Amino acid sequence: MVFGLVAIFAPLLAPYGPTATVGSPLMKMGAHGHLLGTDSFGRDELSRVIYGARPLIATSLLAVVVAVVLGFAIGLVAGYFGRFVDTALMRAMDVILSFPLILLAIMIVAALGTGLLNLVVAIGVSQLPVCARLARALAARERPREYVLAARTSGFGVVRVLFREIAPNLLGPIVVQATAIVAVAAGYAAALSYLGLGIQPPTADWGYMVKEGQEFIFAAPRLALIPGILITLFVMACNFAGDDLRDLLVGDRGI
Amino acid sequence: MKVLIAKRLALLPFVALAVATIVFFVLRIVPGNAADVLAQQATYGQKQQIIKSLGLNQSVLEQYWLFLKGFVHLNFGSSFYSGDSVAYLLGQTLPVTIELAVAAVVVMVLIGVTTGILAAAFRDTWIDSGSRLLATFFFSMPWFALGILLILLFGVKLKWLPTYGRLPATVNYQPKTNFILIDAVLEDRYDLIWPWIQHLILPALTVGLTTAGFVTRITRAAFVETMSEDFVRTARMKGMRERRVFWRHIFRNASLPIVTIVGLQFGALLGGAVISEVVFAYPGVGRLMVNAIFQRDYPVVQGAALVIAFLYILVNTLTDISYLYLDPRLRRA
């Protein structure tokens with residue numbers, strides 16, 4: 001929550017623009033009113049840290065939307081129709097899963113080029129099978145239920161049965177799954193950005209800021225450390241939020 | 001049992017083919033083609049030449065066929081830039097990545113399983129909640145963030161360990177197999193081992209710690225569940241020694257989900273290895289691939305991606321086979 005608010009109100013909170021040169025390079029913390037000092041280009045580090053939250057949060061949330069919507073649709077269709085459709089779709093998902101997922105994301109970005117949208121696609125696709133498998137299992141469970149039969153005998157079309165009758169009943173578990181994926185997606189987004197495959201400089205972005213900071217790790221360790229810690233906190237917050245939500249909805253502790 | 005293993009192994013070529021196909025097509029969804037990128041300043045004639053020399057003038061299906069043919073002969077083409085064959089580059093880097101992966105698995109299993117067992121044994125005490133909190137912390141930590149933290153702590157502040165590369169530049173090392181341990185034995189170069197280990201510690205810790213969190217969780221759950229089973233109580237009632245109850249009854253039954261999660265985590269582990277190689281300038285396949293991406297050196301990217309994916313499939317197959325040894329009940333299937 002806090003992370004989201006900071007990201008949205010970044011322009012109000014940040015004392016300077018994220019790409020504006022406001023002082024001499026590598027100033028110490030607190031010098032000349034720069035709370036976190038300046039980076040190697042003399043940009044205000046605090047402002048960059050505040051703005052840097054935006055790409056990470058945007059990418060991870062959008063990627064989850066892609067993964068959940070597409071994966072949900074695929075799983076629903078596979079689980080509902082069964083037989084050939086099921087086999088074909090789920091084998092396709094298995095093939096995606098036979099990759100280390102981050103490798104798949106790296107490959108997609110390598111092919112499509114960098115940029116926010118490509119990043120979203122890459123991470124979304126890599127998480128697709130996870131959602132599809134869950135949705136398939138759930139849909140297969142719902143199919144023989146009476147209300148589905150009733151809807152079908154009422155002469156509703158397939159699309160209506162799938163998305164108006166079955167889908168709403170599966171939302172709970174899917175939402176839980178989605179929150180679990182946010183943390184993974186954020187980790188991937190940060191990693192790709194660290195590799196230089198994310199949002200391109202000079203835009204402030206935590207992952208890449210760690211990379212830039214690494215060059216000055218002896219002179220100014222804070223430049224790499226602060227965004228690194230923030231990324232960790234963000235992913236942790238997502239994990240805890242996911243766990244809490246699951247406990248709330250499912251009501252058991254599990255693993 | 002042999003039949004089952006044979007069946008599992010027979011699947012390998014098919015999975016390999018599917019994976020190779022995906023790698024091929026994903027890398028060809030590039031808008032435009034590699035020649036456009038390579039030949040930005042070239043004249044039209046030069047560009048046609050480049051296109052021809054890369055075989056890009058053929059249809060995608062023809063290219064795919066050639067790719068598969070080359071693949072069977074372990075011919076992955078050669079780098080657009082250095083001209084070195086991709087097979088040679090992979091030979092240089094793959095052993096390095098395998099070393100790192102093995103070291104990381106050791107770290108992951110040692111730390112994950114011990115903390116998991118401790119948490120289960122001291123259930124609902126501060127040891128339990130503490131280890132779970134630590135587990136969440138470490139698997140929330142992106143690989144590179146932990147890498148940077150370790151560099152800061154052990155490299156910059158304490159100055160205990162080197163923070164980049166695989167061996168110090170002053171060491172004269174002519175790779176033979178490029179596995180340091182094997183070379184050390186073959187060529188009597190035992191002096192290589194210590195600096196190699198020093199360089200390996202931080203990357204291996206980075207990958208191992210971030211993946212250990214899951215192992216802790218699963219181990220704890222598996223042990224808690226097995227310890228409350230009837231057969232454990234029966235064993236105790238028979239007056240069996242506590243040590244024997246633990247190893248023969250609890251550990252063996254709880255090990256199944258642990259092996260599963262180690263196998264599953266191997267994907268994350270390889271991904272982590274790719275990133276850590278970049279963080280620590282460790283000369284493995286991951287770094288080769290990431291550098292090649294920036295140079296748009298597609299044959300190298302393709303070869304590296306294939307090798308990493310195959311390593312992953314191989315480990316998953318081995319995991320499946322190891323179930324059969326651990327759980328005789330599955331052998332009948």
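Analyst: Chain A has a mean pLDDT of 72, and 71% of its residues reach 70 or more; pLDDT is the predictor's confidence in each residue, from 0 to 100. This is a predicted model, in which local features need pLDDT of at least 70, side-chain atom pairs count only at pLDDT 80 or more, and totals for chains, interfaces and linings use all residues. Residues are numbered from 1 along each chain as its sequence is written, while chains are lettered from A and ligands numbered from 1 in the order in which they are written.

User: Where in chain A is confidence lowest, and where is it highest?

Analyst: The lowest mean, 54, belongs to helix 2 (residues 10-13) of chain A, and the highest, 81, to helix 6 (residues 116-142) of chain A. Where pLDDT is low, the predicted coordinates should not be read in detail.

User: What makes a helix in chain B, and how many helices and strands are there?

Analyst: Helices (H or I, at least four residues) and strands (E, at least two) are DSSP runs, numbered from the N terminus. Chain B comes to 13 helices and zero strands.

User: Why is B:Ala281 called exposed?

Analyst: B:Ala281 has 12, so it is exposed. This residue lies in the loop between helix 11 and helix 12 of chain B, and its phi is near 45 degrees, a positive value in a residue other than glycine. Of the 333 residues of chain B, 37% count as buried.

User: How do you know which residues of chain B touch chain A?

Analyst: Two residues are in contact if their C-beta atoms, placed from the backbone, lie within 7 Å. The contact takes 39 residues from chain B and 32 residues from chain A. Helix 7 of chain B gives the largest share of chain B's side, eight residues.

User: What makes that side of chain B nonpolar, polar or charged?

Analyst: Ala, Val, Leu, Ile, Met, Phe, Trp, Tyr, Cys and Pro count as nonpolar, Asp, Glu, Lys and Arg as charged, and the others, Gly among them, as polar. On the side of chain B that touches chain A, the residues divide into 34 nonpolar, four polar and one charged.

Key: Buried ≥ 20, exposed ≤ 12 C-beta atoms within 10 Å, placed from the backbone.
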